[in-house]
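Please view the sequence and structure first.

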Amino acid sequence: MADQEFRGGGAEVPGRRAVAARVLAAQPQTAEAKYIQAKAFAYMGDADSAIETYREATLIDKKDFAIAKDFGLYLEQIPGKREDAARQLRKAYQLNDKDPEVVAALRRVGVVPGPSLKEPEPLAKPSVPQGP
């Protein structure tokens with residue numbers, strides 16, 4: 001019966017919010033629980049809740065590649081979120097520069113993937129020592 005509740009292509013179907021709430025209640029402050037809940041909100045078409053919950057997941061676990069990638073790919077689909085998508089996709093690229101979906105998404109948002117994106121700092125520290 002639970003499988004039937006999740007069908008419907010994003011239309012509001014009773015039971016989906018309850019399932020998302022149960023996941024969150026079981027493990028409310030884990031990145032994985034937030035990630036699952038964000039995906040559920042995205043599936044339901046609730047973009048604001050999905051974005052907020054993805055943000056919470058990324059704050060809990062900054063090194064989770066799957067969260068950064070999916071968040072960036074989700075933001076890419078939302079009009080007006082191109083800069084946010086680029087930021088998340090850069091984070092995903094820093095965690096795994098070999099993922100073809102991340103590389104392609106970066107190019108779609110106007111970012112050229114390469115070694116400079118691997119640096120977490122916007123500008124690498126100069127190698128020339130500072131004066132006395």
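This is a predicted model: local features need pLDDT of at least 70, side-chain atom pairs count only at pLDDT 80 or more; totals for chains, interfaces and linings use all residues.

Residues are numbered from 1 along each chain as its sequence is written, and side-chain values use heavy atoms, with hydrogens and water left out.

**Helix 6**
- Helix 6 covers residues 82-95; helices are DSSP runs of H or I with at least four residues, numbered from the N terminus.
- Its 14 residues should span 20 Å at 1.5 Å a residue, and the end C-alpha atoms are 20 Å apart, which agrees; the expected span is 1.5 Å times one less than the number of residues.
- Asp84, Ala85, Ala86, Gln88, Leu89, Ala92 and Tyr93 are its buried residues (under 20% relative accessible area, 1.4 Å probe, protein chains only).
- These buried residues pack against helix 4 (47-60), helix 5 (65-76) and helix 7 (100-108).

**Crossing with helix 7**
- The axes of helix 6 and helix 7 come within 10 Å and cross at roughly 150 degrees; axes are lines fitted to C-alpha atoms over the stretch in contact, with angles from 0 to 180 degrees between N-to-C directions.
- The two helices are therefore roughly antiparallel (angles over 145 degrees).
- By class, their contact (heavy atoms within 4.5 Å) has 8 nonpolar, no polar and 3 charged residues.

**Lysine 69**
- Lysine 69 lies in helix 5 and is buried, with a relative accessible area of 11%.
- Not counting residues up to four places away in sequence, lysine 69 touches Leu89, Ala92, Asp99, Glu101 and Val102.

Note on methods:
Buried means under 20% relative accessible area, exposed over 50%, partly exposed in between (1.4 Å probe, protein chains only). Angles under 35 degrees count as roughly parallel, over 145 as roughly antiparallel, 65 to 115 as roughly perpendicular and the rest as oblique. Ala, Val, Leu, Ile, Met, Phe, Trp, Tyr, Cys and Pro count as nonpolar, Asp, Glu, Lys and Arg as charged, and the others, Gly among them, as polar.
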